[in-house]
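Reader: Hey, I've got a protein model open and I'm a bit lost. Can you walk me through it?

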Amino acid sequence: MMSTRSTLLLLAAAAASCWFAANPAWSQEARASLGGKVVDPQGGVVPRAAIEVISDDTAVRQKATANDQGNWLVQFLIPGHYSFTVTVTGFKQAERHGITLLTADHRQIDVTLDIGSS
């Protein structure tokens, strides 16, 4: 038969292992994220720009929209090689290529759009 102390230690160890398994800070991040800020040539925010992130490895495309502060984010990307485009009416389309994301990367690539047609 287990003593009370042994039972308490066993319960404490089980609770700690559940906490560590459930706490994201202790788990290994197997994905990456890519985001940035979209601005005009004077540094003004460009809201609601359409962003399309493309995996160069798998051709999977994911879309995002810049918020009112010009920020955008695509999460849960599989590590690999990526490119993205930014389009919004009144500006030339911007493209970025050759982006390598590793496990747990959280890359931010800001884009300045040139005035022109999209």
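This is a predicted model: local features need pLDDT of at least 70, side-chain atom pairs count only at pLDDT 80 or more; totals for chains, interfaces and linings use all residues.

Reader: Okay, and where does Ser 83 sit?

Author: Ser 83 is part of strand β5, which covers residues 80–87.

Reader: Is Ser 83 buried or exposed, and why?

Author: Buried, because its relative accessibility is 6% and the cut-off for buried is under 20%.

Reader: What does the side chain of Ser 83 make a polar contact with?

Author: With the side chain of Asp 56, at 3.2 Å.

Reader: Let's zoom out. How many helices and strands does the chain have?

Author: There is 1 helix, and there are 8 strands. Going from the N terminus, the order is α-β-β-β-β-β-β-β-β.

Reader: Which strands make up the open sheet, and in what order?

Author: The open sheet has 4 strands in the order β3-β2-β5-β6, with antiparallel pairing. From one strand to the next, the twist averages 20 degrees.

Reader: What do strands in a sheet pair through, anyway?

Author: Strands pair through backbone hydrogen bonds, and the pairing can be parallel or antiparallel.

Reader: Got it. How many bridges join β2 to β5?

Author: 6 bridges join them, and the two run antiparallel. Within that pairing, Glu 52 stands opposite Thr 85 of β5. Ala 50 has Thr 87 as its bridge partner in β5.

Reader: And what is the bridge partner of Ala 50 in β3?

Author: That one is Thr 65. β2 and β3 (residues 61–65) are joined by 5 bridges and run antiparallel. They also form a hairpin with 5 residues between the strands, and Ala 59 in the turn has a positive phi of about 65 degrees.

Reader: How many residues of β2 are buried?

Author: 5 of the 6 residues in β2 (residues 50–55) are buried, so the strand is mostly covered.

Reader: Now the other side of β5. How many bridges pair β5 and β6?

Author: There are 6 bridges, again in the antiparallel sense. Tyr 82 stands opposite Ile 99 of β6. β5 and β6 make a hairpin too, with 6 residues between them, and Gly 90 in the turn has a positive phi of about 95 degrees.

Reader: What about the middle of the thing? Which residues touch the most other members of the largest nonpolar core?

Author: That core has 23 residues, and Leu 34, Ile 51, Val 53, Trp 72, Phe 84, Val 86 and Leu 113 touch the most other members. β1 (32–39), β2, β4 (71–77), β5 and β6 (94–101) each supply at least two of the core residues.

Reader: Where is Ile 109, then?

Author: Ile 109 is in the loop between β7 (106–108) and β8. Ile 109 counts as buried because its relative accessible area is 16%. The C-alpha atoms of Ile 109 and Gly 36 are 4.7 Å apart, although these residues are 73 apart in sequence. Further contacts of Ile 109 include Leu 34, Lys 37, Trp 72 and Arg 96.

Reader: Last one: how much of the whole chain counts as buried?

Author: 31% of the 118 residues. The chain exposes about 7,700 Å², and carbon and sulfur atoms supply 56% of that.

Technical notes: Residues are numbered from 1 along each chain as its sequence is written. Side-chain values use heavy atoms; hydrogens and water are left out. Buried means under 20% relative accessible area, exposed over 50%, partly exposed in between (1.4 Å probe, protein chains only). A polar contact is a pair of N or O atoms within 3.5 Å; within protein, one must be able to donate a hydrogen and the other to accept it, and residues adjacent in sequence count only if both atoms are side-chain atoms. Two strands pair if DSSP finds at least two bridges between them. A nonpolar core is a set of buried Ala, Val, Leu, Ile, Met, Phe, Trp, Tyr and Cys residues joined through side-chain atoms within 4.5 Å. Axes are lines fitted to C-alpha atoms, for helices over the stretch in contact, and angles run from 0 to 180 degrees between N-to-C directions. Contact means heavy atoms within 4.5 Å. Accessible areas come from the Shrake-Rupley method with a 1.4 Å probe; for residues, only the protein chains shown count as cover. Lists of a residue's contacts leave out its neighbours within four places in sequence.
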